[in-house]
Amino acid sequence: MTRILPGVIAMAAIVVASNILVQFLILDGLLTWGAFIYPLTFLITDLMNRVYGVGPARKVVFAGLIVGIICSLIGSQIQLEFGPAVPIRVAIGSATAFLVAQLLDVSIFDRLRDGKWFTAPLVSTFFGSIVDTFIFFSLAFSSFFNGFSAGATEQVMWAQDAVPFFNTGPEAPLWVTLAIADWGVKIAVALIALIPFRIIVGRITQPAT
């Protein structure tokens, strides 16, 4: 456990920061500052996977899940102008998306670990990001799940309003625009994160002199 403690701490810090910064909107509400921090969870998972293997990487994922659930529980008790800071559907979507996407990332990375250095982190994060975005925004905001709880749905109805796609195109539910914008940021961060991934792995794995 001691060897992966830095990974656990880093994952916890990113999850906490994401939960705080998601409250701050930018670009006319299309994104939040949290959208730029959260994708770094994939970087942490991939680093742990590359250096220590599948088992330790999964332990870091579960540590992040626990921290995320705690953040959601705290946020659900904070009342803002339009309701709780973390609506129940957002909490469920967040936890589910995180767990499924991160474990998928771990699995794909492991299958590709013997390829070129950038293949495993890039491909695993690409597909993990797709799954993360789809699960989260579907569970949190899609009308498909409205029938499960009227109270929970009422808290997120604003995201189902029909608005111009990216404020300029044909009308679509707001959450669709938010999901695509969020996924775009995830991919951009994934590409940038290849640089620290390469540097950190090199420093950790280089032979002692």
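Me: Which helices each supply at least two residues of the lining of the largest cavity?
Reply: In this predicted model, they're α3 (40–52), α6 (119–141) and α8 (174–205). The largest share, four residues, comes from α8.

Me: What makes the largest cavity a cavity, and what is its volume?
Reply: A cavity is a set of points where a 1.4 Å probe fits but cannot get out. This one has a volume of about 80 Å³, and with a cut-off of 30 Å³ or more the count comes to one cavity.

Me: How do you know what classes of residue line the largest cavity?
Reply: Pro, Phe, Leu and Ala count as nonpolar and Asp as charged. The lining includes P39, F42, L43, A190 and D46, and by class it comes to nine nonpolar, one polar and one charged.

Me: Why is W33 called partly exposed?
Reply: Buried means under 20% relative accessible area and exposed means over 50%. W33 has 46% relative accessibility, so it counts as partly exposed. Its place is in the loop between β2 (31–32) and α2 (34–37).

Me: What is the volume of the second largest pocket, and which residues line it?
Reply: The volume is about 160 Å³. V16 and I20 are among the lining residues, as are N19 and Q23. By class, the lining has eight nonpolar, three polar and no charged residues.

Conventions:
Residues are numbered from 1 along each chain as its sequence is written. This is a predicted model: local features need pLDDT of at least 70, side-chain atom pairs count only at pLDDT 80 or more; totals for chains, interfaces and linings use all residues. Side-chain values use heavy atoms; hydrogens and water are left out. On a 1 Å grid over the protein atoms alone, a cavity is a set of points where a 1.4 Å probe fits but cannot get out, and a pocket is an open set with protein on both sides within 12 Å along at least five of seven lines; lining residues have an atom within 4 Å of a point. Grid points are joined across faces, edges and corners, and a volume is the space filled by probe spheres set on the points. Buried means under 20% relative accessible area, exposed over 50%, partly exposed in between (1.4 Å probe, protein chains only).
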